[in-house]
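My entries follow in the order I made them.

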Amino acid sequence: MRRISQAIRGLLLGFSLTLAAPVFAVQPDEILADPAMEARAREISKDLRCLVCRNENIDESNAELARDLRLLVRERLVEGDSNEEVVDFIVDRYGEFVLLRPTTTGANWLLWAAGPLMLLMAAAMAWAYLRGRARADRPQESALTQDEKDRLRRILED
Amino acid sequence: MITELGHFALVLAFMAAIVQMIVPMVGAHKRWPGWMAVAEPAATLQFLMTAFAFAALMHAFVTSDFSLRVVVLNSHSAKPLLYKISGLWGNHEGSMLLWVLIVSLFGATAAWFGGNLPPTLRARVLAVQAAIGVAFYAFILFTSNPFLRLAVPPFDGEDLNPLLQDPGLAFHPPFLYLGYVGLSMAFSFAVAALIEGRVDAAWARWVRPWTLAAWIFLTIGIALGSWWAYYELGWGGFWFWDPVENASFMPWLLAAALLHSAIVVEKREALKSWTILLAILAFGFSLIGTFIVRSGLLTSVHAFANDPERGVFILIILAAFTGGALMLFAARAGVMEARGVFGMVSRESALVVNNILLAVSSFVIFFGTLWPIVAEMAFDRKLSVGPPFFNSAFTPFMVLLGLVLPIGAMLPWKRGRLGRVAWSLRYVFMLALALALLVWAMQTGRSTLGPVGVFLGAWIVSGAALDLWSRTGRGGNRLGRLVRLPRADWGKAVAHAGLGATLFAIAGLTAWESEDIRVVQLNAPFEVGAYTLTLTKVEQLRGPNYFSTTGTVELARGGRVLSVLHPEKRTYPVAQMPTTEAAIDNGITRDVYVVIGDRQDDGGWAVRTYIKPFANWIWGGAMLMALGGLLSLSDRRFRVAAGARKGAKQAVAAE
């Protein structure tokens, strides 16, 4: 029984090996001859999403679509597009979803401003709190009852 | 049979948890000692039953029992034993069982070692912990039962995802879960304290070891995951800002904040309500992580088979616990008035700054992770928020944190003088600046990231060393006193130095990494940086459950062979999936990372070579952070707390 299952498995193995040859991220044949232009292509690729993958940029992805996009980026660059023009070209065809670095247009400003705004708010709140602490009346400490003082001392001694 | 017993044990654990949730809570309210005492045996029983259920499922995986659905979907008889074991939590159902096992383990440990807690607080903590357990037992039993049988068992299993067939799977999830779930203890303590209506220095001292333990586990878990991604995915990335990574990073940041604010509560009886809030949020974010992994709401490389029904169930758990706790917080937070008085420039204030930076940075990640959903629902825009956003929005917070850390760490409690601390750090500052300028001069024309990283690393590490040294006082035998300093002091210095090392390494790796992609002919040497590589042979080999194309690459420098590397390209026929196995020559100052690709038409092979400077420092720094936490955890004041507590207990209960 076991031997049969192994034989079947062996057969299947033979098939799938020919089917599922791994593809590579950036292939040697994709690389442009001009190193400066290639560097620009890599720079652009890192900010573009491989649409069929889960959260990978096209530079790192093994998918066929990512390869097509990489070739497209290089094609546009060779034809003399600036980096922005290449990105616009791709966004026109694939939509905003392709951008890993979200734009600042529309409601997206909120996304970019969220961190700094929150930091300002937190800083203001902390400032108010710390001022309160610094101004807290001295008598408050002596306002502790003897009982509370004992307890505090024991806690601090631990 | 064993499977059915396991299933039954899990139902029993569910029952025990329900009892543990209700009886001690009522007992604590009515001050009935007998009812409160139920918590301890119930917690022990709950843990033992869950452990048995876990062992039963483990048995099914190890013996390849293909009558179980979850084994069929995630295992294969030819899979190596280690991956049969770790395959248990490489899937949704099994990982949830691991999750409740850890929930019950933490509950049981609190029951066993919590003898020094006031009885009402202990009963309430265990009841809240049991409530978390109840929610997840119900989740497992009603939506994701791992013990379901198949009517017609198949011949063999469908194998585990090949990317998961790695020792990384054996360690990464258990550590991560120990961290996530460890935060449930901080949560239970926070909720119990809100019900009690009292938070004081003693409470902070009890809650800190649990938080510290959870944070240590989380640190190790995240570092292991990052290291695993580094060597497994084939291009040496170590952090992708993937939703699930973010889900583990947010609780880590909040737990780090909580650790620091609990110190203020313990030493100065201030920041109480903020600390409670952090404890609730830290666990809330752990639950959000679980929700993200299992709901399919966000696409991620980590997501398990997605099922809306499960997503809704976890969302309900999340809303009930976080929402309920926050409501309780809103109602009761006013009770906790602050006692400590301190000046604007003081250690307390520095810790507030630490908390702001950690909490806001974690908020930025939260916002970025959820923004695609918000944008789609509210503005009908389908967009992505990827690594470029997080790198630019998150990094400034870490730079700020690194800049203020050595100053804040040396400020005295209550009231300090900024000028004085700054003056004592003058040599540290000059050293860091000199190193940064040196690097700046050496690397001409590259990004400023490298020098900034060098500055921060040197500033934090030598600042931590100076902090430790300054605690030895004046006069002779400072070295002797250095060794005898409290472990908490050592822990602080080591953990901070670890952060410095990690920040430096991330900046250095990002700034100075170099890459080479080319077609290589056999036995034709090629140069990458200062190294000469030669592909000497390529073989077709066969592993236990995969086929492999294995290259042999000689790595040499200046004519001397440093090592022989074996990059592989594997095909897992059952799962129909290829993987790349990079070969790495590890070094202190750099890794050489070699990946073999496809055979080209001209008979050569595609080969990718990376030189990754200081890569190991990233995880080395993380391990230092965990070691620092461990040193702190072993500090005398936690170990002696049990004995010293007895005297103080009455006073605490008397209020």
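**Entry 1: a strand pair.** I began with strand β4 (residues 547-557) of chain B, which pairs in the antiparallel sense with strand β5 (residues 560-565) of chain B over 5 bridges. I count two strands as paired if DSSP finds at least two bridges between them. Helices (H or I, at least four residues) and strands (E, at least two) are DSSP runs, numbered from the N terminus. B:L555 stands opposite B:S563 in β5(B). The two strands form a hairpin with 2 residues between them. In that turn, B:G558 has a positive phi of about 60°.

**Entry 2: ground rules.** The model is predicted: local features need pLDDT of at least 70, side-chain atom pairs count only at pLDDT 80 or more, and totals for chains, interfaces and linings use all residues. Residues are numbered from 1 along each chain as its sequence is written, and chains are lettered from A and ligands numbered from 1 in the order in which they are written.

**Entry 3: strand β10 of chain B.** Which strands pair with β10(B)? Strand β1 (residues 514-520) of chain B runs antiparallel to β10(B), joined by 7 bridges. There, B:V519 has B:A606 as its bridge partner. Strand β9 (residues 590-599) of chain B is also antiparallel to β10(B), with 8 bridges. In this pair B:V594 stands opposite B:T609. The hairpin of β9(B) and β10(B) has 5 residues between the strands, and B:G603 takes a positive phi near 90°.

I then checked burial. A residue is buried if 20 or more other C-beta atoms lie within 10 Å of its own, exposed if 12 or fewer, and partly exposed in between; C-beta atoms are placed from the backbone. In β10(B) (residues 605-613), 8 of the 9 residues are buried, so the strand is largely enclosed by the rest of the structure.

**Entry 4: chain B as a whole.** I find 22 helices and 10 strands in chain B. Its radius of gyration is 27 Å, close to the 26 Å that the globule rule gives for 655 residues, so chain B is as compact as a globular protein of that length. The radius is taken over C-alpha atoms, and the rule is 2.2 Å times the number of residues to the power 0.38. Along its principal axes the C-alpha trace spans about 85 × 75 × 55 Å. Of the 655 residues, 54% count as buried.

**Entry 5: domains of chain B.** An automatic or database domain assignment supplies the bounds. Domain 1 is 1-165, domain 2 is 174-335 + 345-404, and domain 3 is 514-615. The centres of domain 1 and domain 3 of chain B, taken over C-alpha atoms, are 43 Å apart. Their contact takes 9 residues from domain 1 and 8 residues from domain 3. Contact here means C-beta atoms, placed from the backbone, within 7 Å.

**Entry 6: helices.** Helix α17 (residues 449-470) of chain B has 22 residues. From its first C-alpha to its last, α17(B) reaches 31 Å, close to the 32 Å expected at 1.5 Å a residue. The expected span is 1.5 Å times one less than the number of residues. α17(B) is mostly covered, with 16 of its 22 residues buried.

B:T211 sits in helix α9 (residues 201-232) of chain B. Is B:T211 buried or exposed? B:T211 counts as buried, with 26 C-beta neighbours inside 10 Å. Leaving out residues up to four places away in sequence, B:T211 touches B:A186, B:A255, B:L258, B:L259 and B:A262.

B:I373 belongs to helix α13 (residues 347-379) of chain B. B:I373 counts as exposed, with 11 C-beta neighbours inside 10 Å.

**Entry 7: positive phi.** Most residues other than glycine have a negative phi. B:D159 has a positive phi near 70°. B:D159 lies in the loop between α7 (119-143) and α8 (167-196) of chain B, and counts as buried, with 25 C-beta neighbours inside 10 Å. B:K414 also has a positive phi near 70°. B:K414 lies in the loop between α14 (387-410) and α15 (418-424) of chain B. B:K414 is partly exposed, with 14 other C-beta atoms within 10 Å.

**Entry 8: chain A.** Chain A has 7 helices and 0 strands. Buried residues make up 22% of its 158 residues. Among contacts in chain A between residues at least 6 apart in sequence, 48% join residues at least 24 apart.

Definitions and conventions
Two residues are in contact if their C-beta atoms, placed from the backbone, lie within 7 Å.
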